[in-house]
Amino acid sequence: MTSTEAQPEGERPRRLQPFASFGYRNYRWLWAANVCAGAVATTQGFLIIWLFIEALDRDYNRGVIELMGALPVLLLGLFAGGLADRRDRRLLLIGSHVAVALMLLLMVILAAGGLLSFGLTLLLVSLGAAAAVFGRPVRLALIPAVVPKERILNANTLDTLGVGLGAMALIPLTLGLSRGLPIEVAFVILAAVSVLGALFLIPLRLSPRGPEQNGSAVASAHSPMVEASGGIMDGFRFLWRTVELRLLFVLLLTAMLIGPWAALHFGAAEERLDITLQQWALLSLFLGVGTIVSTIALAFVRRLPRAGTWYGALIVASALAAVGVGFSSSYGLIGLLMGLYGLALGVRGLLLVTLVQSHTPIAIMGRVMGIFVVLTAAAGLLGPPITRAGQALLQDDGWIVFSGIVLIGVVALVLAWSPKLRRMPSHPGEPVAPPAESGAG
């Protein structure tokens, strides 16, 4: 069942419509579910730290936790993207929400019974990540299915704002409870929020995704795993043929693997400024404020004609701000530079996702988003060791300068080489009718 109601804005769209995507019924339900999922994922990371330190009386090993969380993404992300193109997306999302809730409740039961060990906690973290990964490509692929292309940027912006605000509410609530009550109560709340997200998905009305939408009129008799894995290479082939999208991924991976972002870590400023962790956290608020401000501003933007150029320029701007932070010895200047970095960061990620979504056919969207999820997870794991190796070779200041120069050089080279990427808009300029399943109303 799909909804074909008319676009709610009427024949003459208003100039500034920061909440335009909320006019689409399906988007409202998807947004509510995504807020729940994103807030749970962010808050869970903080609670795991608290669990290790307080309940398990162990040192928090960030590298091990990140590895256990990223491995399921690396192993299952492409498969999850394939399923997003071939199976009922609403059921996939509901299943992901419920599975995450079950993992959280299992952690609660084991903790309450005194059975939660270090190794078992790592296993549950990995299982929870595996449950969540089946929803990530689907969420990204669904945005272009529930709003017309000219609203994708707005929809992504509202999604990001919702997740951020949800996390800002859920983190203080659960951490506050964990200090006065058993930490199991906080995990129960997370499980309840995850289930709430599943309930929000029940009214979502989407056409089923089956093999017939990928060129076959007859349903396949193969298992879901064979079906999903069989078309994964189609996503890679599409990206290879679409030069502009391929270059966007090159810029993304270069920024994640080789960037001066180590300057934004507490350790880089601790000795130079004789600063405490609390003072650094206060300075980091400027980064968060900058991100929120630029994200809100982007909600008012209907279309960016040269979004590809903007994306590259924002990478350069954020790199310059990070280098400035690395060499600054003034609290005021660091706060200003971190605010500028936040301004660039808030727009940068939204532009990338929007460009990929608005220039990828719906039929292959899930597989492309699965590739995106896997590549970002792999780069997130490889980035820290590359940074540590560079710091050992060039020292902290040397690595900050070197990585900034390399990153800016790659961006300049890519933009100079590809005029099409420079002119790439946030969505195609020709009028695009709302999708049949947009559900306006």
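Tutor: Buried means under 20% relative accessible area, exposed means over 50%, and partly exposed lies in between, with a 1.4 Å probe and protein chains only as cover. Helices are DSSP runs of H or I with at least four residues, numbered from the N terminus. This is a predicted model, in which local features need pLDDT of at least 70 and side-chain atom pairs count only at pLDDT 80 or more, while totals for chains, interfaces and linings use all residues. Residues are numbered from 1 along each chain as its sequence is written, and side-chain values use heavy atoms, with hydrogens and water left out.

Student: Which residues of α10 are buried?

Tutor: Helix α10 covers residues 243–257. Its buried residues are Glu 244, Leu 245, Leu 247, Leu 248, Phe 249, Leu 251, Leu 252, Thr 254 and Ala 255.

Student: Is Thr 360 buried or exposed?

Tutor: Thr 360 lies in the loop between α14 and α15, and it is in contact (heavy atoms within 4.5 Å) with Phe 238, Leu 245, Met 365 and Val 368, leaving aside its neighbours within four places in sequence. Because its relative accessible area is 2%, Thr 360 counts as buried.

Student: Which backbone oxygen does the side chain of Thr 360 reach?

Tutor: The polar contact concerned is a pair of N or O atoms within 3.5 Å, where one must be able to donate a hydrogen and the other to accept it, and residues adjacent in sequence count only if both atoms are side-chain atoms. At 2.5 Å, the side chain of Thr 360 reaches the backbone oxygen of Val 356.

Technical notes. Helix = DSSP H or I, 4+ residues; strand = E, 2+ residues; numbered from the N terminus. Expected span 1.5 Å × (residues − 1).
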